[in-house]
Amino acid sequence: MLSNGVSSHPQPLFDSAFLLNLDLFRVSTDDATRDEKIALAYHRARAIARAYAFKMEDILYLSDKFWKFHQDMIHTQDSAAFSLLAIQFNLCVGTLAPFLRHREDLECLIEPLLNFEISGQFLLTEVGHGLDAQAIETLATLLPDGAFDLHTPSPDAAKFMPATSPIPGFPRVGIVIARLIVEDEDRGVRPFFVWLNDGHEMSTGIYARVLPGRAGSKPLDHCITSFKHVRLPHSALLGSLEAPTDPRKSFRSAIHRVYIGTLSLSTVLISALKRSVFVAGKYSFRRYIWGPSNHPRPIISFRTQQRPILHTLAQIAVFDPYTQESIKQYMDPRIPYIVRQGIAAAFKAVLTRATQESLHQLAERCGPQGLFAYNNIIDNQIEARGNSIAEGDTLALCIRFASELILERYSMPAPRYPFSLLAVFETGLFQHARDIVNSLGGAYRKAEFNTRILPRCQTLVEAIGHRLAYEAALDAGVASELLDLYEAGVVLRHSGWFVENLALDTETQFNMEMQAMNSILPRLGDLLNATGAEPYCTAPIVSDEAWREFTRSLEVHHGNARMDICEYDAELAESHRLSESMTERYATMTNTSSRQQTLQSPRGRDTSSVMTMDEEQQGWNVSTAPIEGEIERTLEPSREDNSKSARTSLENRHAVPHSSIDSSSSSSAEDEDPELFTAPAHTEMAYMVTRHVTAHLQALMLLTIRLASIQVDDEDTLEEVRSGLCDTEGSERSPIDRLTVEMSDVSILHSVVGDVCTDSEPPTEGATTP
């Protein structure tokens, strides 16, 4: 970071943006199947691996190239490809590399692994053992002839998550962490080199059960992998047969690359922040709203829109130098190894929290656009959640690290600026935690530690990380206003502590943030461009041109359906469910009994138009729900005429009320099915016209009733309308009663008009005439 606040984001050893021009990175996956997306991730991983062209020494000695690889923005294009590469390089090759000095038989595998010609996996955690991986159950038993029997003794001992299924063109090997058994003696955990499949089928005795896709993330063939007495050559063992003198230390040695991944894997989160804030910032400049002044304003002019964008830019400005200093400290052999692990844990804790919160807020400030993965924010947030678990669960790391610091088993590097707010915050939190531990009684110490200390551990470790980040940024010359905003963000997140312990009231805290934002705002555009995210950004909302191009690529539905105001009914959207009997009901309706009988007795199987209160609020739509028998009769003709359009079904076959027969709006004969233009018989045409008239009479009557009911202004007028529409018999009725009476009038009208409309044909069986 330069002193003017413009990000000097880590420069890769080569410009990975050239990969974006390859078809592998340009192809759309919108219509691809899950298997096709998985295969694409493998081919992209191979392309990136070839571009980096790692040497074994890069992985073994953690070269600058190794660290820069994890910070490359190319990984924001496909998190599944990055996951494959991070596991391949750090865990698989990284575990093999220390043994190559004495294992010439393994050297032939290194080059194909580095070029991703062979896919490598690392199988540690099991279905029943995650955080307690030291208790894994997978067994590797030494046989009399020197070979090993690799076996999964129970369902809980199956390896969980690693991608192990066959992918054409990518033979697969794995580093399997198993418990070594020699002459019935458990000699601790060891890594074993195992061929999992040849790219087409699994090796004998190995079973890979492919898991469903992770929610919202790029798909990979994550599996539950089990072994059924798989015979391994003696050379599969990586290490010694001897029993370790310190089983715990031996276990940590077997999985030592996991601790490196705690730091290296977390650095990719900075790339996610850069791309996401670039999208949200650019969108905020081009998105306008119209206010009371009738003048458009970009949403970036509102402080609520500026706030998450500016905070994220401040975090990026601080995290870039923090990353470099954390790597430097982790590589420093003068620092005790356990402290270096603590440095990695603090880095992961801070980056994980910042990424989750910032990406959530950035997506939210993009409104509905923030919900779509194509806009590069919410997908990064979901992938970051997986990162918080991989290579060491963040919370578990914090519990172990904070507990040891509280108990003063070792200490972190002392603050370089002990009077800074964040250093004081860190010191105060730990002192309070130690006071609590010292006050615990002996008999209840363990239980109290669990309930009173463990919930504080992540906050304690994050406080260390914030202080380290602040010091690194300050020494790197980060612009003061960016540093001030980062500090204000931490203060506001723990506002109560600063009020209680430093008398820093909430208004002062608010002013700290406001002043820092005011200072940064004039350079907002420059800071967005300085992220370096633009070449890697595919979100269409960043510019008007990109949005137009995006909308042109979308699937378009269009047609010639026509509806007038009388046709509108929610049920018309489900035209295939309408029945022929429903439309015939208006032509064959029976004579009803007296209005009073109609009010007091149910209508039975006659379900002619019924109006509900909900429908009244939505515009007095008429519900014409068919009875059960009518539904059954409806389904058969619908299936027979399934090839016809919905419009044809409504107008010509079903002839429902509100159907239009206006010839002026019909399509030409050249554009329609000739069958639709077959002239109907005289009686059929008359029947269709009659039903059309009936439908419109019904609609007009309903509109008349509605208009009369809403236009009355006083009791006298209301009484006059009521007396003209229904028989109140001198009694007051509630609005519900009046609505029921009005519906009865409509029912009688249906009966009368129905009989008029059916003069050309005899009444149906069971019907009566007036």
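Modeller: A helix here is a DSSP run of H or I with at least four residues, numbered from the N terminus. The model is a predicted one. Just after helix H18, alanine 503 takes a positive phi of about 55°.

Colleague: Which residues of helix H18 are called buried, and by what cut-off?

Modeller: Buried means under 20% relative accessible area.

Colleague: Why are the buried residues of H18 said to line one face of the helix?

Modeller: Viewed down the axis of H18, they fall within an arc of 165°, so they line one face.

Colleague: What do the buried residues of H18 pack against?

Modeller: Their partners are helix H14 (421-439), helix H17 (480-493) and helix H19 (506-520). Contact requires heavy atoms within 4.5 Å.

Colleague: What makes strands S2 and S3 a pair?

Modeller: Pairing needs at least two bridges found by DSSP. S2 (residues 139-142) and S3 have 4 bridges in the antiparallel sense, and therefore count as paired. Threonine 141 stands opposite aspartate 149 in S3. The hairpin of S2 and S3 has 5 residues between the strands, and glycine 146 there takes a positive phi near 95°.

Colleague: How do you know that S3 also pairs with strand S9?

Modeller: S3 and S9 (residues 230-232) share 3 antiparallel bridges, against a requirement of at least two, and therefore pair. Phenylalanine 148 stands opposite leucine 232 in S9.

Colleague: Why are both faces of S3 called covered?

Modeller: Phe148 and Leu150 on one side, and Asp149 and His151 on the other, are all buried.

Note on methods. Residues numbered from 1 in each chain as written. Predicted model: local features only at pLDDT ≥ 70, side-chain atom pairs only at ≥ 80, totals over all residues. Heavy atoms only, no water. Arc of directions from axis to C-beta. Buried < 20%, exposed > 50% of the residue type's maximum accessible area, 1.4 Å probe, protein only.
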